[in-house]
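The sequence and the structure come first, and the description follows them.

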Amino acid sequence: MCRKFIAIVLFIVPSLLTSAQSDDTQYAKRVVKRLASPAFNGRGYAANGDKKAARFIAAEMKKTGVKPLFENDYFQHFELGANTFPGDLRVSLDNHRLTPGVDFIVWSGSPSVDGRFAVNTIKRSDLYGDRVPVSDIVKDGHFLLIDNRKPADESRELARQADAAILFLRNDADIALPGVIIYDDSKLTWSSQTKPSARPVIFVNQPRLDPQGISSIAITVESVWTPNYTTQNVAGIIPGTASPDSMIVVCAHYDHLGRMGKKTYIPGANDNASGTAFILDLARHYANHPPKYSMVFIAFSGEESGLLGSKAFVKNTPVDLAKIKFLINFDMVGTGDDGITVVNAPIFPEAFSRMTQLNDDQQYLKAINSRGESCNSDHCPFYQEGVPSFFIYTQGGIAAYHDIHDRASTLPFTAYVQLKSLIIDFFKLM
């Protein structure tokens, strides 16, 4: 009987662990699928995408048992400039209708434009030289198409000259130029802007077209510039059982790039629905395993616009930053084939050593890579105020980034469970 009982226990325990791990992954997948769905409009500032996402995150926190951080409220409101594209977006070069996100993207600062324009085409090499005469390039009433494919023999200095000239042509408000088309073979990668640019700019990657043969563009871009758009961070807390005045903070940005016209949105599954799901999943864990120190969970808006949400939080913080024992920011944690990278690892060597030792002992991840100081995500405003901080992202797997291909259906969650286990073990050593 004893041997039979032991055998049953040995069978049940691994099964329970596997079931718990599966539940973790399934929860994360559900959250990412929801946040990256069309209903949330790319979590940008068109059609209230950010507000819909914030309400969903707050509801998840409340359901888990996380208490509001801001005077009985989960939301911290702040303002930013937002240029959005909620309306019509159509581009045709001659008779070739282009598909947004597939064949072209509109520069995120572009103002509205509607009409058909003649096209004047130049090559990138035409821009070599520190002072290229604008009169040799700009034709009255013509869109300027720059064939931006780099010649094989382009030197670093020539590249600098061409890039500087392109920025000038895109941004100088005094040039009588209705718009710019930049044609090359680079990946179409969108971004976010907090102010409008001088003219519409279209980036095109369509190998079937010969840029030298384009004579006209038919273009409709409906953009809306809101200089004081109100968005919000979302934050909650689980009070500590032994030292509630000391805090561990986990954070991630939930905002993304929003809509590019009525029919196209940028899902942002890995960037950063994955990080948002991760901190919500950690909240589920700590709600069931009360921590020694208070656990603070923050989902930031405005990261894609220049870390504006985390800057707003630090500027008007509801917590004493000096009482934060450690902060980890998670951004793009949906892969992991090649392990993780830890930003600020050399700045906090003892904490990094503890993390790598845990990984060596438990073999959670393929690798933990060290990266130096970098102000590239929401850990930075805290770090600049003296808060010990890491920024963690996974490596390997899909390469989708700031494009229409960063979808929930293709996100593998390769090392999700292992990363969660590592982080929980790491915080136990605090």
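## Conventions and model

Axes are lines fitted to C-alpha atoms, for helices over the stretch in contact, and angles run from 0 to 180 degrees between N-to-C directions. Helices (H or I, at least four residues) and strands (E, at least two) are DSSP runs, numbered from the N terminus.

This is a predicted model, in which local features need pLDDT of at least 70 and side-chain atom pairs count only at pLDDT 80 or more, while totals for chains, interfaces and linings use all residues. Residues are numbered from 1 along each chain as its sequence is written, and side-chain values use heavy atoms, with hydrogens and water left out.

## The annotated domain

The UniProt record, an unreviewed entry, places the feature "domain: Peptidase M28" at residues 233-425; UniProt positions are given in the numbering used here, feature names are shortened, and annotations may be inferred rather than shown by experiment.

## Helix H4 and its two partners

Helix H4 (residues 269-288) packs against helix H2 (residues 49-64) at an angle of about 15°, with the axes 9 Å apart. H2 and H4 are therefore roughly parallel to each other, where angles under 35 degrees count as roughly parallel, over 145 as roughly antiparallel, 65 to 115 as roughly perpendicular and the rest as oblique. H2 passes H4 in a right-handed crossing; a crossing is left-handed if the near helix is turned anticlockwise from the far one by less than a right angle, and right-handed if clockwise. Contact here means heavy atoms within 4.5 Å, and on the H2 side Ile57, Glu60, Met61 and Thr64 meet Thr276, Leu280, Ala283, Arg284 and Ala287 of H4. The residues of this contact of H2 with H4 comprise 5 nonpolar, 2 polar and 2 charged, with Ala, Val, Leu, Ile, Met, Phe, Trp, Tyr, Cys and Pro counted as nonpolar, Asp, Glu, Lys and Arg as charged, and the others, Gly among them, as polar.

H4 also meets helix H8 (residues 416-428), where the two axes come within 11 Å and cross at roughly 55°, and H4 and H8 are therefore oblique to each other. H4 passes H8 in a right-handed crossing. From H4 the contact draws on Ala277, Phe278, Asp281, Leu282, His285 and Tyr286, and from H8 on Tyr416, Leu419, Lys420, Ile423, Ile424 and Phe427. By class, the residues of the contact of H4 with H8 divide into 9 nonpolar, 1 polar and 2 charged.

## Helix H6 against H8

The axes of H6 and H8 come within 10 Å and cross at roughly 125°, and H6 and H8 are therefore oblique to each other. H6 passes H8 in a right-handed crossing. Ala351, Arg354, Met355, Leu358, Asn359 and Gln362 of H6 meet Leu422, Ile423, Asp425 and Phe426 of H8, and the contact of H6 with H8 has 6 nonpolar, 2 polar and 2 charged residues.

## Backbone details

A cis peptide bond, with omega about 0°, joins Asp271 and Asn272, and Asn272 is found in helix H4.

Gln363 is a residue other than glycine with a positive phi, near 55°, and it lies in the loop between helix H6 (349-362) and strand E16 (368-371). His402, likewise not a glycine, has a positive phi near 55° and is placed in the loop between strand E17 (389-394) and H8. Gln363 is exposed, with a relative accessible area of 59%, whereas His402 is buried, with a value of 7%; buried means under 20% relative accessible area, exposed over 50%, and partly exposed in between (1.4 Å probe, protein chains only).

Phe300, found in strand E13 (residues 293-300), is buried, with a relative accessible area of 0%. Leaving aside residues up to four places away in sequence, Phe300 touches Asn233, Cys251, Ala252, His253, Tyr254, Asp255, Gly309, Ser310, Phe313, Asp378 and Phe382. The C-alpha atoms of Phe300 and His96, 204 residues apart along the chain, are separated by 40 Å.

Lys52 lies in helix H2 and is partly exposed, with a relative accessible area of 32%. With residues up to four places away in sequence not counted, Lys52 touches Ala39, Phe40, Asn41 and Ala47. The C-alpha atoms of Lys52 and Leu35, 17 residues apart along the chain, are separated by 9.1 Å.
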